[in-house]
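Morning, everyone. I have one model to walk through, and I'll keep it brief.

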Amino acid sequence: MDFSTMNIWCWLIPLLVGLLCAYFGYLIGKGNTKTIDNSQDLKLLQDKNVKLKADLDACKGKLSAGAAMAAAGGAVAAASLTSEPAKEKEIPFDAAAAKAAMGKVIKKDDLKVVEGIGPKISGMFNDAGIKTWKALSETAVSDCQKILNGGGDRYKVHDPASWPMQARMCYEGKWKELAKWQDEHDHGKL
C-alpha cells in the first residue's frame, strides 16, 4: 500500500461522518428519555403510612387501658378463679359460608386452607400436635418455624408469620376477610 497517494481527506471524511452520527445519536437518545413522576404514589403511600401509625397508636392506647383495667380488676378475677373456670365457647363451623367465600369445599380444621401450608406441612403440624385451626391460631410463629426447621432445608423457604392469624380467621369463621387477605398477599407472606 502506498501512503504517498493517500490524501488526508480519505481519513478526515470518515472521521467527521462518525462524529456527526455519534452526536445525532446522542441527541435522539436523549430526546426519547421520559421522566417518570411517582410523587403522587409516594404521597398516597406516605398518607397511608401516617394513618397506619395512628391506628397502631390507638391500638396501643386501648391495650394499655385494658392492662390498667385488668390490674384494677385483678382481685375480682382472682375471686372468680376460685369458683368454676369459665369454658370458652366453641365457635360453630359453617361449611356453606366457607365454600361461598373461598370458592371451594372447606373441611373443618383443614390446615391446608391457610395459605402457605400444603399437605406435607399440614402433616408435620399434625405430628406436632397442632391439628385444629384454634390450636394453630394459638401457636407462636417461632414454634411454627421450629416445626418447619424440623422438616429439613426444603422447608426454609416457607414463612409462617401469617399462619396463626389466618388460622384465627378460619376458626372464627371470617371467611370473606380471609379470602380478601389471601388475594392481597403473595403466598401468605406479610
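I'll start with the ground rules, then go from the overall fold to one helix and the core.

This is a predicted model, so to speak of local features I need pLDDT of at least 70, side-chain atom pairs count only at pLDDT 80 or more, and totals for chains, interfaces and linings use all residues. Numbering runs from 1 along each chain as its sequence is written, and side-chain values use heavy atoms, with hydrogens and water left out.

The overall picture. The protein has nine helices and zero strands. Helices here are DSSP runs of H or I with at least four residues, strands are runs of E with at least two, and numbering starts at the N terminus. Of the 190 residues, 19% are buried. Buried means under 20% relative accessible area, exposed means over 50%, and partly exposed is in between, with a 1.4 Å probe and protein chains only.

Now contacts, meaning heavy atoms within 4.5 Å. Take those with a separation of 6 or more: residues 24 or more positions apart account for 55% of them.

Next, helix α5, residues 119-127. Which of its residues are buried? I121, S122, M124 and F125. They sit on the same side of α5, because they cover an arc of only 160° around the axis. That arc is taken from the directions from the helix axis to the C-beta atoms. On the other side, P119, K120 and D127 are exposed. Cover for the buried residues includes α6 (133-137), α7 (141-149) and α8 (163-172). After α5 comes G129, with a positive phi near 95°.

On to the core. A nonpolar core is a set of buried Ala, Val, Leu, Ile, Met, Phe, Trp, Tyr and Cys residues joined through side-chain atoms within 4.5 Å. The largest one has 26 residues, and V113, F125, W133, L136 and W175 have the most contacts inside it. Two or more residues each come from α4 (95-102), α5, α6, α7, α8 and α9 (175-184). α8 gives the most, with five.

Look at W175. Beyond its neighbours within four places in sequence, its contacts include F93, A97, M102, V113, W133 and C170.

Last, cysteines. C170 is buried, at 2% relative accessibility. C21 is exposed, at 51%. There are zero disulfides, meaning cysteine sulfur pairs within 2.5 Å.
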